[in-house]
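Here is a short report on one protein model. Look it over before reading on.

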Amino acid sequence: MTQTPSVPPNSDLRLRMKVAAATQILVDQGIMSYSGHVSARLPGRDAFLIQPIDQPRSGLRPEHLLICDYDGKVLEGPDGGAPPAEVCLHGEILRARSDVNSVAHFHHDLTNSFTLVEGVPLRVVKNHAVRWKSGIPVHTDPAHVANSALGRAVAGTLGAHHALQIRAHGQVITAESVDAALCDSIHFVENAQAMHNACVIGRVLPLSDADMESFELYFKRGPHVNKLWRFYIEGARAKGFVPGDWDI
Ligand SMILES: [Zn+2]
């Protein structure tokens, strides 16, 4: 039987559980697969939690996670654990954006398709996609975000927005918490799916500024994030891949 490493004492166990659970839920939802990652800034430190490069996303546990600095260097973690090739994507966004505490990066083909065609950019078509009313920039360099310079370039394209597409590559979602990053990742893909479906029928009519303002009038982000988090955590417990004793 393979021996799993133990979580270091005084570590942010609850945050680790959240990263592991969110990652597994994204896999279960078909949003993440054998690649992609969720990161979480460690409170009070210039460092963040992220999974090792070769750890199956479907079996991620709190004790597997590495602690990396913004340069992508491993500070703590199980022996021999190497960070993902795109760790600098997370590090440079967390360095640049003090309002962001969690980043999700995945490679979702249908969502990607809007970066592969001319003249049909991904727009806000569903109400919960008002999160991205400021825009969804497209980073035109499809390269693996494999070093700090490339990470800074992605952070530059992101600017003050809350998500971006990397052309012919994947998606980046930024949020104030792991719970919110999971919620936003699900809504981002739902919005892309809805627009894709609409494109099949005819010309797409994105939400107008007035539509978005109207929706936001009665929308409360905190309770909504909590509702989705609870829904997906309970589903994960029922399916058995998130243990019932994880206090999340
Ligand atoms: Zn990637």
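Which residues are exposed on the other side of α4? They are Ala149 and Gly156.

The model is predicted: local features need pLDDT of at least 70, side-chain atom pairs count only at pLDDT 80 or more, and totals for chains, interfaces and linings use all residues. Residues are numbered from 1 along each chain as its sequence is written.

**Helix α4**

Helix α4 covers residues 148-158, and its buried residues are Gly151, Val154, Ala155 and Leu158. Seen down the axis of α4, the buried residues fall within an arc of 100 degrees, so they line one face of the helix. The arc is that of the directions from the helix axis to the C-beta atoms.

Contact means C-beta atoms, placed from the backbone, within 7 Å.

Gly159 follows α4, and its phi is positive, near 55 degrees.

**The whole protein**

The protein has seven helices and eight strands. Helices (H or I, at least four residues) and strands (E, at least two) are DSSP runs, numbered from the N terminus. Buried residues make up 43% of the 248 residues. Among contacts between residues at least 6 apart in sequence, 68% join residues at least 24 apart. Along its principal axes, the C-alpha trace spans about 55 × 40 × 35 Å.

Notes
Buried ≥ 20, exposed ≤ 12 C-beta atoms within 10 Å, placed from the backbone. Contact = placed C-beta atoms within 7 Å.
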